[in-house]
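Please read the points below alongside the sequence and the coordinates.

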Amino acid sequence: MKKLLLGVAACALATAAFAAPAEPKIDPALLSEHIKVLSSDAFEGRGPATPGEVKSVAYIEKEFKAVGLQPGGDKLKSGARAWTQDVPLAEFDIKGPVAFTVQAGGKTESWKQGDQIAIRAPETGVDHIDLKNVPVVFVGYGVKAPERNWDDFKGVDLHGKIALVLVNDPDYETGKGDFGGKAMTYYGRWTYKYEEAARQGALGFIVIHETGPASYGWNTVKNSNTNAVFDIIRKEPSKVHAPIEAWIQRDPTVALFQSAGLDFEALKKEAQTRAFKPVTLSGVSFSTAFKVDAKKVVSHNVVGVLPGTKHPGERLIYTAHWDHLGVGLPDARGDRIYNGAVDNASGVSALIELARAFAHGPRTERTQMFMAVTAEEKGLLGSEYYATNPLYPLATTVADINMDGAAVNGPAKDISTSGDAGLTLQDDLIKVAKAHGRYFTPDARPEAGSFFRSDHFSFAKQGLPALSFRSGEDLVKGGVAAGKAAGEAYVRDKYHQPADEFDPNWDLSGMVQDVALVYDLGHQLGDSREWPEWKPGSEFKAARDKTAAQRK
């Protein structure tokens, strides 16, 4: 017998105990086969709204059906459920060449898309961009946070201008200050920077890439931002998107500052203080022209359920995104298919085998729901669509447990999560891990902002307790040093690159133990009356508390 730690609001239940489920049989051969198929060249990198989506959705639906799930998607006219939830999206793609010229120090230079700069396809609905000699302003970290008495803009008028902005937030370099130290806040995410660009009325924000504060190299930026981009359907897209959203390499940025008589490093240091004021790069201007193809598409979340035996209206959700980057710019080998084996064919594989374990084991009192979501790589769009258009009420959903990138380097002694959050669900996970002989390690790189980069964040924003499970770095073979080295090598050499391919030599015994652990957590929650809670001080607690009366 063992007990889960209960939520603050449910502490009266803290003495309740329930039996742990029998250890499920997780087959590493099946885990391997799913990854191999989903990340094969035949699936063309699993881009949303491509033939790769058709194949991916069909495969996941087939496997969900085979393991014994019931369809849990959109309601059909007959009253039955489909296997999918339609996710209407807007797709934007740059068509043809991108002309980009820089005027600096009296000289004109042409830059190449993907080399010095990576311009995202505009998401405002325009069919072309044609900007000439646009002034450039440095706005520090581009943060406006009234609750922290912080304003990088100081009233500067950015209409008709493009701003250069630092990635991450002002505390990154020093590890201390008004933004919580090294751990990234949402103000540090590039997504926030672009949202602020629209609010400021700028023609665009260009994020300055530096590997440390971005947490990934230029290849990742280039490959993620120069192919088709997607967004939810918006009535007024210009309210959240500026015409130009892009990234720029550090070295050409430093050169631009020098041409304007400015010291990049000195201004970056100044930007870490409240006293910073925007600086115009005198004599520097940008010009760019290209065509844009904008259209509406429908992508799909794949949803399977196992109805609860006693409380079928209460459900746990397990998520993993099925999409990756599709076909894009070639790497040094000429490979253009971004297979996404670890990211995230491995997570979908874990999801399918977790579903099999639940379907073949004793049913829980609460419903278990398994959802492979679309368009995570395009901004968590599939999970955001579900969270804002739920098929089942979030008020009576217990939690979301997300899986993004599984263990392929063997078993670990520890576990972790993507970012750390104040919620009792994480306490529950830690206790179950301890029962499995494993310990919890907090996110080793909080400055990477991982909490905001996986699908659980979409649910958290709506108040639902949610976390993204990670295997640990303390490998049984080689310890923390080996685990850290493997993680760094993956980010450097494979993350969002064509090299993220299936490897038959992977040791998937770590995946086996991780799926078994998540199964244990989900099974216990599925048979309990616990409702995980956000702890006092969490920014997500208020949204959840509004629906407290609906949970008994």
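The lining of the second largest cavity comprises eight nonpolar, one polar and two charged residues; Ala, Val, Leu, Ile, Met, Phe, Trp, Tyr, Cys and Pro count as nonpolar, Asp, Glu, Lys and Arg as charged, and the others, Gly among them, as polar. The model is predicted: local features need pLDDT of at least 70, side-chain atom pairs count only at pLDDT 80 or more, and totals for chains, interfaces and linings use all residues. Residues are numbered from 1 along each chain as its sequence is written, and side-chain values use heavy atoms, with hydrogens and water left out.

**Cavities**

- The second largest cavity holds about 40 Å³ of space, a volume being the space filled by probe spheres set on grid points that are joined across faces, edges and corners.
- Its lining includes M184, W190, W247 and R453.
- On a 1 Å grid over the protein atoms alone, a cavity is a set of points where a 1.4 Å probe fits but cannot get out, and lining residues have an atom within 4 Å of a point.
- Three cavities of 30 Å³ or more are found in a search of the whole structure.
- The largest cavity has a volume of about 110 Å³, and of the 14 residues that line it, M403, G405, A406, F469 and D514 are the closest to its centre.
- Two or more residues of that lining come from each of α8 (341-360), β20 (466-471) and α13 (509-526), and α13 gives the most, with four residues. Helices (H or I, at least four residues) and strands (E, at least two) are DSSP runs, numbered from the N terminus.
- The lining of the largest cavity has eight nonpolar, three polar and three charged residues.

**Second largest pocket**

- This pocket has about 300 Å³ of space; a pocket is an open set with protein on both sides within 12 Å along at least five of seven lines.
- Of its 19 lining residues, M184, D420, A421, F451 and F452 are the closest to the centre.
- Nine nonpolar, seven polar and three charged residues make up the lining of the second largest pocket.

**Aromatic contacts**

- There are 30 aromatic pairs in the structure. Rings of Phe, Tyr and Trp (its six-membered ring) pair if their centres lie within 6.5 Å; planes under 30 degrees apart count as stacked, over 60 as edge-to-face and the rest as tilted.
- F43 and Y59 form an edge-to-face pair, because their ring centres are 6.4 Å apart and their planes lie at 90°.
- Both F43 and Y59 are buried, that is, under 20% relative accessible area, against over 50% for exposed and in between for partly exposed (1.4 Å probe, protein chains only).
- W150, F179, Y186, Y187, Y192, F451, F452, F457, W534 and F540 are linked into a cluster by ring pairs.
- The charged end of R315 sits over the ring of Y392, 3.9 Å from its centre, where the criterion is NZ of Lys or CZ of Arg within 6 Å of the ring centre and within 35 degrees of the ring normal.
- R366 lies over the face of W531, at 4.6 Å from the ring centre.

**Buried helices**

- Seven of the eight residues of helix α5 (residues 218-225) are buried, so the helix is largely enclosed by the rest of the structure.
- The cover over the buried residues of α5 includes β4 (117-119), β9 (204-209) and α12 (479-493), with contact meaning heavy atoms within 4.5 Å.
- In helix α9 (residues 381-388), six of the eight residues are buried, among them Y385 and Y386.
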